[in-house]
Amino acid sequence: MSDLKKMYNTLSQDPFPADMTVRLGEQELTFKKRTWDIEGETKGLRYGENPDQPAALYELVAGGLEFDGVKFRGEGQGLVSALTEENMLQAGKHPGKTNLTDVDNALNILQYLSAKPAAIILKHNNPCGAAWSEEGVGKALENAFQADRIAAFGGAIIVNRPLTMEAVEVIDNAYFEVVAAPAFEEGTLEVLKKRKNLRILQIPGIMNLDKLIGQPFLDIKSLMDGGMVIQFSFRNKILSADDFIPASAEKDGTSYTARTPTKKEADDLLFAWAVEAGVTSNSVIFVRNGVTTAIGTGEQDRVGCVELAVTKARTKYADLLAFEEFKMSIFELKLKAMKDKEAAASLAIIEEKAIRAKGGLIGSVLVSDGFFPFRDGVDICMATGITAIAQPGGSIRDNEIIQAVNEASPQVAMVFTGQRSFKH
């Protein structure tokens, strides 16, 4: 084994104690380190974000917090931190931090999506595809996968209904690292377990995620100097389409009002805002018919985030066309096109189709986790053919943003959320 490969197999031992106590004033929380007996070895997390970072997972087992009359999530409500060997239907090696935090962030999103069967595929703690569907969890997963086939490779799948054989067919045709569900229908595990490196988690509490809404957890950010920032976790205020605020503004005595979304647009905006709770800011999300069509994450400027999402959408759309016609990715087709004139001609046709289809974004709605400081980002969004926008509002240029959507033909709808959804 080369020295470089050894870094992924030489793990630091977990030095952390079995118990942890956190005291805030007179209130105290008691945590217990989670360990698992897997293949005769009892230990906790394999490692943290990287193999040379020792890590430990702690479950809250006693105590609770209440500030300003708000009771925090407490003991007995564990999900990822409460996983036992029985929940690990197929474990392989002991889990690492990133696998579990991906699952956790999916649950963070799914708590707002209990109304329909939903599926989230995550990579690096961001959703790359998300969908919900009245047709069932299999259709939701298929749509989530098709939303971004490229990023889904090696991702974590989390669904909010018992996993079906229809969903297993999607999983069996690609490579994933983790599958988590509240339950597994008959016959599904036999198929899934043929993939020996697939971690399979059963988390029954997924069926009760909606009971956590409105109840925060203690969100802790550690600083490089050893300090900590603590905060109430984000609590989504937009739980139904009626919670959106009509977009209006006033400037120099003139009032500006945007078109109200249709029911279909409002439903898609509601879904998109739920997904937004788990996306790293700055971010924008495009959604059509309950499926993400593009997700822009983690950019420093909002217009750059929009441009990135649109560019990625064109690539993903071209990739779907390449796979449907040639059973190869767009990148494989590009490689072949370097030496094959026929492949080069096919590539040109596919890329032209992706441009004409505007990356499949036509008819989508869009949410933004922060307000648009200028209309440039809105104009780029509208050029893709979106029909409605939801954003926090509160910019000194809200009047210009509303003017922009009102000038569009056809007119684009807009509502405010009245809250920002930054996640760092």
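This report describes selected strands, helices and residues of a predicted model.

## Basis of the description

The model is predicted, so local features need pLDDT of at least 70 and side-chain atom pairs count only at pLDDT 80 or more, whereas totals for chains, interfaces and linings use all residues. Residues are numbered from 1 along each chain as its sequence is written, and side-chain values use heavy atoms, with hydrogens and water left out.

Helices (H or I, at least four residues) and strands (E, at least two) are DSSP runs, numbered from the N terminus.

## The sheet of S1, S2 and S5

Strands of a sheet pair through backbone hydrogen bonds, either parallel or antiparallel. Here, two strands are taken to pair if DSSP finds at least two bridges between them. An open sheet is formed by 3 strands in the order S1-S2-S5, with antiparallel pairing. Strand S1 (19-24) and strand S5 (58-63) stand at the edges with a single partner strand each, so one side of each has no neighbour in the sheet. On average, neighbouring strands of this sheet are turned by 30° against each other, direction ignored; axes are lines fitted to C-alpha atoms, for helices over the stretch in contact, and angles run from 0 to 180 degrees between N-to-C directions.

S1 is joined to strand S2 (residues 27-33) by 6 bridges, and the two run antiparallel. Arg23 stands opposite Glu28 in S2.

Of the 6 residues of S9, 5 are buried (under 20% relative accessible area; exposed is over 50% and partly exposed in between, with a 1.4 Å probe and protein chains only). Strand S9 is therefore largely enclosed by the rest of the structure.

Strand S10 (residues 126-132) runs antiparallel to S9 and is joined to it by 6 bridges. The hairpin of S9 and S10 has 2 residues between the strands, and His124 takes a positive phi near 55° there. Strand S11 (residues 155-159) is also antiparallel to S9, through 4 bridges. Ala119 has Ala131 as its bridge partner in S10 and stands opposite Val159 in S11.

Asn105 lies in helix H2 and counts as buried, at 4% relative accessibility. A polar atom of its side chain lies 2.8 Å from the backbone oxygen of Gly278. A polar contact is a pair of N or O atoms within 3.5 Å; within protein, one must be able to donate a hydrogen and the other to accept it, and residues adjacent in sequence count only if both atoms are side-chain atoms. Leaving aside residues up to four places away in sequence, Asn105 touches Leu122, Asn125, Gly278 and Lys423, where contact means heavy atoms within 4.5 Å.

Gln111 is found in the loop between helix H2 (97-110) and strand S9 (118-123). Gln111 is buried, with 3% relative accessibility. The side chain of Gln111 reaches the backbone oxygen of Asn108 at 2.8 Å. Not counting residues up to four places away in sequence, Gln111 touches Arg73, Leu209, Asp210, Leu212 and Ile213.

## Helices H8 and H9

The axes of helix H8 (residues 302-326) and helix H9 (residues 330-337) come within 8 Å and cross at roughly 75°. This makes H8 roughly perpendicular to H9, a term for angles of 65 to 115 degrees, while angles under 35 count as roughly parallel, over 145 as roughly antiparallel and the rest as oblique.

Thr315, Ala318, Asp319, Ala322 and Phe326 of H8 make the contact with Ile330, Phe331 and Leu333 of H9.
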